[in-house]
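Trainee: Could you walk me through this structure, feature by feature? I would like the general idea first and then the case at hand.

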Amino acid sequence: VLPGGSIGTAQLGDIVIGFYKSGRTERLAFGIAADAGPVEQFGEGSVAFNRILLGETKKPVININDVNSFNISSERLKADSATLAILVLGGTKQRLDGNYSRDNIEKIGRAELARWNGSGANMTTRLNACIRQAKP
């Protein structure tokens, strides 16, 4: 959920990359900005998006307790000594060409992340640098 529906050149339909880091573990999830929310904060990601970030894709979702277990709250981040970052790639909606399949979102997302990162071998180098510069 994008604050107000857009930020700079990023708008609904653009690719969103979630980055979860705990110790040496880093996970990326690729999705779409699909809803507008309050202008003062980013909104929620889908259950599937959060499951990928948490590395819990094999855990079944049977009831509301299972759904709630995938919430990435500030308390959870503190408990896991983890960091969560969201990167919205403005202008990527056009690259998807109307194909919002999971495979296409990840394919285009990975290509755009590599380009944004300077095409280095490590896809998270620039994300990590941005996190180090961010103020809590």
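Mentor: Gladly! Let us begin with how elements are named: helices (H or I, at least four residues) and strands (E, at least two) are DSSP runs, numbered from the N terminus. This is a predicted model, where local features need pLDDT of at least 70 and side-chain atom pairs count only at pLDDT 80 or more, while totals for chains, interfaces and linings use all residues. Residues are numbered from 1 along each chain as its sequence is written, and side-chain values use heavy atoms, with hydrogens and water left out.

Trainee: Which element gives the most to the lining of the largest pocket?

Mentor: First, the term: on a 1 Å grid over the protein atoms alone, a pocket is an open set of points where a 1.4 Å probe fits, with protein on both sides within 12 Å along at least five of seven lines; lining residues have an atom within 4 Å of a point. Here α1 gives the most, with 6 residues. Other elements that supply at least two each are β5, α2, β7 and α5. In total 34 residues line this pocket, and E44, G45, S46, F49 and N50 lie nearest its centre.

Trainee: Which residues of α1 are buried?

Mentor: Buried means under 20% relative accessible area, with a 1.4 Å probe and protein chains only. In α1 that holds for F49, N50, R51, L53 and L54.

Trainee: In what order do the strands of the open sheet run?

Mentor: Two strands pair if DSSP finds at least two bridges between them. The 3 strands are ordered β5-β4-β7, with antiparallel pairing. At the edges are β5 (25-32) and β7 (82-89), each pairing on one side only. Between β4 and β7 there are 8 bridges, and F19 has A85 in β7 as its bridge partner.

Trainee: At about how many degrees does α1 run to β5?

Mentor: Axes are lines fitted to C-alpha atoms, for helices over the stretch in contact, and angles run from 0 to 180 degrees between N-to-C directions. Helix α1 (residues 47-54) lies across β4, β5 and β7, at about 165 degrees to β5. Helix α6 (residues 125-133) also lies across these strands, at about 70 degrees to β4.

Trainee: Is T124 buried or exposed?

Mentor: T124 is buried because its relative accessible area is 5%. This residue sits in the loop between α5 and α6. Not counting residues up to four places away in sequence, T124 touches F19, E26, L28 and N117.

Terms used: Contact means heavy atoms within 4.5 Å. Buried means under 20% relative accessible area, exposed over 50%, partly exposed in between (1.4 Å probe, protein chains only).
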